[in-house]
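Thanks for coming, everyone. Please get the sequence and the structure up on your screens. I'll walk you through a few places to look.

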Amino acid sequence: KWGIGNLSYSEVLAYRTDVFTDKTPSSMADLWNTADFPGPRAIRDNPIATLAYALQADGVPLDQIYPLTEEKLTRAFAKLDEIKDDVIWWSAGAQAPQLLANQEAVMVTAWNGRLDVIRDEGVPLEIVWNGAQLMGDAWAIPKGAPNTDLAQLFIAWASHEDVNWRLSDYITYGPVNYNAIEKVSPDRAALLPIASAMEPPKGLLSR
């Protein structure tokens, strides 16, 4: 309501492929499957996505997670209690990939762009998009800020279709201007969160 979209990203599940080889995690619910996938798992210490993951694990269909009623919140926290002894809680974006890279955790929830960085460095991992949360960042101008006109011009420039797509060349986060999506190369577009979250425009994002 009070901002203009800047980029899109996802909080996803990732696991070490050198730990799980035969049977592998396939959804956020597998964070709770300590029988088939034992070991420490790192989860974000934030309710925005974590409560939705807990409800998925408790059997709530994706299209029924929201709105988060009192009953659903109670279910989510009860579900989190089931694995609290196996969880490392993270709060900063760099923590989860580092825990996975250092083998302190066998699976993590993390922002997809951070995971691509350590995968490029040779960490054996796989990203699971099933059940991931699509998120976004936004530009905003504080009330009373100086140079408001210049700030508005900057946001207009940064949001333009000829500019907004360029971030995707540097990190696997997607543009928010729909017309900018088609400017991303097909190989790069296939790595972006929007490829798993939307109908592909003109086939560019098909995997």
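**A short tour of the model**

Let's begin with helix α5. One face of α5 points away from its buried side, and on that face sit the exposed residues D149, L150, L153 and W157. Keep in mind that this model is predicted.

Which residues of α5 are buried? They are I155, A158 and S159. These three share one side of α5, because they cover an arc of only 95° around the axis. What do the buried residues of α5 pack against? Their partners are β1, residues 4-16, β5, residues 125-139, and α6, residues 161-164.

Look at β1 and β5. They run antiparallel, and 11 bridges join them. Find I4, and opposite I4 you will see W139 in β5.

On to the core. The largest nonpolar core has 45 residues. Which of its members touch the most others? L31, W32, L100, M107, V108, L115 and L125 do. Helix α1, residues 47-57, gives the most to this core, with 7 residues.

Take L125 from that list. Leaving out residues up to four places away in sequence, L125 touches Y15, R16, T17, L100, L115, I118 and R119. There is also a second, separate core. This second core has 7 residues, among them A180, A189, L192 and I194.

Where is S168? It is in the loop between α6 and α7, and α7 covers residues 178-181. Buried or exposed? S168 is buried, with a relative accessible area of 1%. Apart from neighbours within four places in sequence, S168 is in contact with Y173, G174, P175, V184, R188 and L192.

Last stop: the backbone. First, a general point. Most residues other than glycine have a negative phi, and most peptide bonds are trans.

Go to the peptide bond from Y66 to P67. This bond is cis, with omega near 0°. P67 lies in the loop between α1 and α2, and α2 covers residues 70-82.

Then Q103. Its phi is positive, about 65°, although Q103 is not a glycine. You'll find Q103 in the loop between α3, residues 95-101, and β4, residues 107-111. At 55% relative accessibility, Q103 counts as exposed.

Finally, N147. Here too phi is positive, about 60°, and N147 is not a glycine. N147 is in the loop between β5 and α5. With 58% relative accessibility, N147 counts as exposed. That loop leads us back to α5, where we began.

Terms used: Residues are numbered from 1 along each chain as its sequence is written. This is a predicted model: local features need pLDDT of at least 70, side-chain atom pairs count only at pLDDT 80 or more; totals for chains, interfaces and linings use all residues. Side-chain values use heavy atoms; hydrogens and water are left out. Buried means under 20% relative accessible area, exposed over 50%, partly exposed in between (1.4 Å probe, protein chains only). Helices (H or I, at least four residues) and strands (E, at least two) are DSSP runs, numbered from the N terminus. The arc is that of the directions from the helix axis to the C-beta atoms. Contact means heavy atoms within 4.5 Å. A nonpolar core is a set of buried Ala, Val, Leu, Ile, Met, Phe, Trp, Tyr and Cys residues joined through side-chain atoms within 4.5 Å. Two strands pair if DSSP finds at least two bridges between them.
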